[in-house]
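Hi everyone, thanks for making time for this. Please have a look at the model on the screen, and then I'll walk you through it.

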Amino acid sequence: MNKAAAPHTLNFDTGWAYSPAPESTDHVHIEDQYKLFIGGKFVAPKSGKYFDTINPANEKVLARVAQAGAADVDRAVTAARDAYDTDWSKMKPAERGKYIYRIARIIQERAREFAVIESMDGGKPIREARDVDIPLAAAHFFYYAGWADKLDYAFPCRTPQSLGVAGQIIPWNFPLLMAAWKIAPALACGNTVVLKPAETTPLTALKLAEVIEAADLPPGVVNILTGDGSTGAAIVNHEDVNKIAFTGSTNVGRIIQRALAGTDKRYTLELGGKAANIIFADAAIDQAVEGVVNAIFFNQGHVCCAGSRLLVQESVADEVIAKLKERMQTLIVGDPLDKNTDIGAINSAEQLERINAYLDLGLEEGAEMFQCGGKNPDKGYWCQPTLFTNVAQSHRIVREEIFGPVLAIQTFRTLDEAVAKANNTQYGLSGGIWTDKGAKIFSVGAKMRAGVIWANTFNKFDPTSPFGGYKESGVGREGGMHGLSAYLDLH
Amino acid sequence: MDKTVKAEGRSIDSAAPRETQSAAKSASRGRAKPPATTRLGVAKTYKLYINGKFPRTESGRYFTVVDSKGNIAANMCRASRKDFREAVLAARSAFSGWADASAYLRGQILYRVAEMLEARAEQFVTELKLMGVDKRTASREVTAAIDCLVYYAGWTDKYQQVFSAVNPVASSHFNFSILEPVGVVSVLTGQNSALLGFVEAIAPVIAGGNTAIALAPEQNPLCAISFAEVLHSSDVPAGVINILSGYRKELAEQFSSHMDINAIIANSNDASEIKIIQEQAANNIKRVIIRTKPIAPDPYQIIDVQETKTTWHPIGG
C-alpha cells in the first residue's frame with residue numbers, strides 16, 4: 001500500500017521475478033459430485049440437497065457435495081453405534097491399531113494428491129499442504145495407531161474404557177490435518193466416529209473416506225458427513241452421541257458447551273486465539289523477524305494459534321519493524337498451486353469480508369496500516385500481508401481474532417509489562433518468546449497463560465505434542481498422551 | 001449498621017442452645033470448670049472467610065441452622081452475590097503467589113493444615129455430633145479429613161512428575177509438557193460429610209496451586225466455617241481459600257457464571273442444578289467438574305483442575 005513507508009525498499013519486481021512453478025494437477029481425480037460416507041458406503045443424502053465447493057483462488061466450482069440433514073446424521077450415528085457394538089469395541093486393541101497404521105500408510109502413498117486437493121479446495125500454498133498438512137496428518141494416524149494396545153500404560157491405576165460414538169466437527173484451515181487430529185485418537189481409544197468437515201473444505205475429508213474404504217475398516221467405524229452449521233448442530237444434539245470434539249471459533253464453542261449442558265456427553269473444544277509473540281531486545285533479531293513472519297502469515301493467518309499480536313521491546317522496535325516490512329516485500333501472494341507462493345488465497349468470500357472489515361476497523365480506531373501493495377490476481381479472494389502499528393490494548397484489532405494475515409504491533413519496556421500485555425486477553429492458546437537468555441524463556445514462559453509456548457520458534461506441530469488452550473481458547477488437549485484422555489472414560 | 005450487627009450478634013449468643021454452650025465449654029480444655037450457675041458459655045459466631053478475614057455478609061442477611069434435635073445451632077451468614085465477588089477478587093489476587101509457591105512449600109502448608117486440624121479434632125467431633133452424627137462416625141470423619149490433607153500434602157511435589165511429559169517430536173526441538181493450575185476455582189461441596197466432604201473437595205484444588213471459593217454445605221455448614229479457623233492458623237496465604245455460607249440455590253448460578261472463575265467443581269445429584277451450572281459455565285468456557293458421588297482422594301482430582309502447557313525450543317547452535 002505504502003512502499004515509501006518502508007525504510008529500505010528492495011525492489012523484487014524487476015529482474016528478480018520468479019518463473020511460475022505450478023504443481024501439476026493431472027494426477028488428481030475429483031468427482032463431479034460427492035455423496036455422504038455412511039456405514040462404509042457413499043450414499044445419497046436423504047435431504048436430497050447438494051452444494052458447491054469452490055477453489056477460492058479462481059472461484060471455479062471443484063465439485064458438488066451433499067448437504068447432510070438431520071435424517072442423514074441419524075443414519076450415520078446409527079451406523080457408528082452398530083459398528084461400535086458389533087466390531088470396534090470388541091476387536092483386539094492391537095488389531096484396531098493395525099487398521100489405523102494402514103490409514104497412515106495409504107495417506108503417505110497418496111500424499112501428493114491430498115496436498116494438491118487441499119491447496120485447491122482451501123487456498124493454502126501447495127508448499128505448506130505438501131510439507132506440513134499432509135505429512136503431519138499421516139504422522140498423527142501413525143502415532144495414535146501405536147497407542148491402541150498400550151492405553152493401560154498411559155493412566156496409572158486406571159482402566160481406560162472407550163466412550164462410544166464421537167461426533168467431530170472440524171474447521172477449514174487445516175482440513176485433513178484436523179480430521180486426523182480428531183479421528184486418530186478416537187479410533188485408537190476404541191470409539192467410532194461421525195465427522196463433519198467444514199462447509200468450504202470438504203474434499204480431503206471425502207478423499208479420506210476413500211482411504212478408509214481402501215484400508216478395509218469395518219463399515220460404520222468412520223462416517224463422514226458434509227454439510228453446514230445445521231449438520232454440525234444435528235450431530236451435537238443427537239441423543240446417541242457420547243462425545244463431541246469441536247475445533248472452531250470461541251463463539252460457536254460457547255454455543256456447543258451450552259447445548260451440551262444437562263447431557264452426559266463429554267466434550268473437548270479447540271477454540272480461538274490471539275497469541276502474543278514477544279521479542280526481547282536480546283533476541284537474535286533476524287531470526288525473530290523470520291519467526292514473526294511464520295507466526296502470522298503461515299496459512300494466510302488462518303491459524304487459531306497464529307502470533308497475531310507482536311510485542312516488541314521498545315529499544316529494538318524500530319529495527320524489528322523495519323526488517324519486518326522489508327521481509328514482507330519478499331512474500332509472494334498468489335496462485336496457491338505455485339511452489340513459490342508464500343501466501344495463498346483467503347479461504348472464502350465470507351472470510352475475506354470479515355478480514356477487510358477488521359482492516360477498516362483498524363484504520364477507524366486510529367492505527368497505522370502497512371501493506372506492500374502487491375497486485376492481487378483478478379479472480380479469487382486475496383489479502384495482502386498487513387501490519388498495524390500505533391495500536392492500543394483496547395483496540396478491537398488487538399483484542400479479537402481476525403483469522404487473517406494481519407499483525408498488530410505493540411511495544412513494551414519491561415518484562416512484566418510484556419507479560420501483562422500478553423495475558424490481557426480472553427484467549428490463551430499459544431504464545432511466543434524470542435530471547436537469547438534461557439532464564440528469561442523459563443520465567444516468561446511460566447507466566448504466560450497459554451497452552452503452547454514457542455520459544456525462539458513458532459507454529460510448530462507434532463503428533464506427540466499436546467495442543468490446546470487456557471481460558472476461552474478451549475477445553476482439553478489434542479495430541480500426545482494427553483490427547484488420549486479426551487476419548488476415554490478413566491473411572 | 002455496625003450497631004445493629006453487634007446487637008444481632010449478642011442476641012445469637014444469648015439464644016444459643018445448651019449444646020452450643022457445652023461445645024464452647026468442651027473447647028476450653030484444661031481450665032477449671034466454673035460453677036454452672038455463674039458461668040455462661042460463650043458461643044461462637046459463624047461468619048464468612050474472605051481474603052484471610054472473617055467478615056459478616058455485606059447483605060446483613062442470615063439463615064438459621066438447626067441441630068439434630070431441632071434447636072437452633074447457629075445463625076449463619078447468608079452470603080450475597082457481592083460477597084462472592086469479593087471472594088473472587090481475593091482468590092484472583094492470591095493466585096499468582098500461590099501458583100508460584102514451590103511444590104515443597106505448598107506441601108508443607110497443607111501438612112500444617114493437617115496438624116492444626118488434628119489439634120482441634122475434638123471441636124469438629126463436637127460440631128458433627130451436634131448435627132446428629134454419632135461419636136464414632138464423627139471421630140472417623142475427622143481423622144479421615146486429617147489423613148486426606150496429609151495425602152494431598154504428599155502429592156504436591158509428585159503429581160507433576162507422574163503426569164508431565166517430554167515429547168519426542170520429529171523435528172529438531174526440545175518439547176515438554178507440564179501442568180499448571182487452571183486458576184480460580186469455585187467449589188460447591190456436597191451436603192453429606194460436612195467436614196470430610198468439604199476437605200476432600202478443596203484439598204486437591206489448592207494442592208495443585210489453584211485458589212478457591214467454596215460454599216459450605218447449606219444445611220450443615222458449621223464444620224466448613226470452623227475449618228476456616230484451621231486454615232487461618234496454618235500459613236495458608238490470605239485469599240487462597242475463601243469460604244462462604246448461604247443458599248446454594250441462590251449462589252450456584254454466581255459460582256458458575258462469574259467471568260473470572262476458570263473452573264467449577266460441583267458435588268451434585270440434582271439434574272436441574274447441574275444443567276444450570278453447565279450452561280452458565282459456557283459464558284467463559286469454564287472447565288466443569290461434576291461429581292455425583294463421593295470419591296476417595298486420588299491424584300486425578302488434582303489433574304481435573306490443571307492445564308497442560310507445552311513448550312518448544314529449537315535444538316542447535
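Let me start with a question: which residue stands opposite A:Asp52 in strand 5 of chain A? The residue opposite A:Asp52 in strand 5 of chain A is A:Arg64.

Before I go on, some ground rules. This is a predicted model, where local features need pLDDT of at least 70 and side-chain atom pairs count only at pLDDT 80 or more, while totals for chains, interfaces and linings use all residues. Residues are numbered from 1 along each chain as its sequence is written, and chains are lettered from A and ligands numbered from 1 in the order in which they are written.

Back to that pair of residues. Strand 4 (50–54) of chain A pairs with strand 5 (residues 61–66) of chain A in the antiparallel sense, over five bridges. When I say helix or strand, I mean a DSSP run, numbered from the N terminus: H or I over at least four residues for helices, E over at least two for strands. Two strands pair if DSSP finds at least two bridges between them. These strands belong to an open sheet of three, in the order 1-5-4 in chain A, with mixed pairing. Strand 1 (33–34) and strand 4 of chain A are the edge strands, each pairing on one side only.

Now for another sheet, which draws on both chains. Here we have an open sheet of ten strands, in the order 14(A)-15(A)-16(A)-13(A)-12(A)-17(A)-18(A)-10(B)-4(B)-3(B), again with mixed pairing. At the edges are strand 14 (368–371) of chain A and strand 3 (165–166) of chain B, each pairing on one side only. Strand 14 of chain A runs antiparallel to strand 15 (residues 386–389) of chain A, and four bridges join them. There, A:Glu368 has A:Thr389 as its bridge partner in strand 15 of chain A.

Where do the chains meet in this sheet? Strand 18 (residues 452–455) of chain A and strand 10 of chain B run parallel, joined by three bridges. A:Val452 has B:Thr310 as its bridge partner in strand 10 of chain B, and A:Ile453 stands opposite B:Thr311 in that strand. On to strand 4 (residues 173–181) of chain B: nine bridges join it to strand 10 of chain B, and the two run antiparallel. One pair to look for is B:Ile178 with its bridge partner B:Lys309 in strand 10 of chain B.

Strand 10 (residues 306–314) of chain B is mostly covered, with seven of its nine residues buried. Buried means that 20 or more other C-beta atoms lie within 10 Å of the residue's own; 12 or fewer is exposed, in between is partly exposed, and C-beta atoms are placed from the backbone.

Next, the cores. A nonpolar core is a set of buried Ala, Val, Leu, Ile, Met, Phe, Trp, Tyr and Cys residues joined through C-beta atoms within 7 Å. The largest has 187 residues, and those touching the most other members are A:Ile100, B:Leu149, B:Leu195, B:Phe198 and B:Ile202. Helix 5 (residues 175–188) of chain A gives the most to this core, with eleven residues. A second, separate core of 70 residues includes A:Ala283, A:Ala306, A:Phe461 and B:Trp312.

Finally, the domains of chain A. Domain 1 covers 33–271 + 470–489 and domain 2 covers 273–455, with bounds from an automatic or database domain assignment. Their C-alpha centres lie 30 Å apart, and the contact takes 21 residues from domain 1 and 26 residues from domain 2 of chain A.

As for chain B, its secondary structure comes to twelve helices and ten strands, and 48% of its 317 residues count as buried.

Notes. Contact = placed C-beta atoms within 7 Å.
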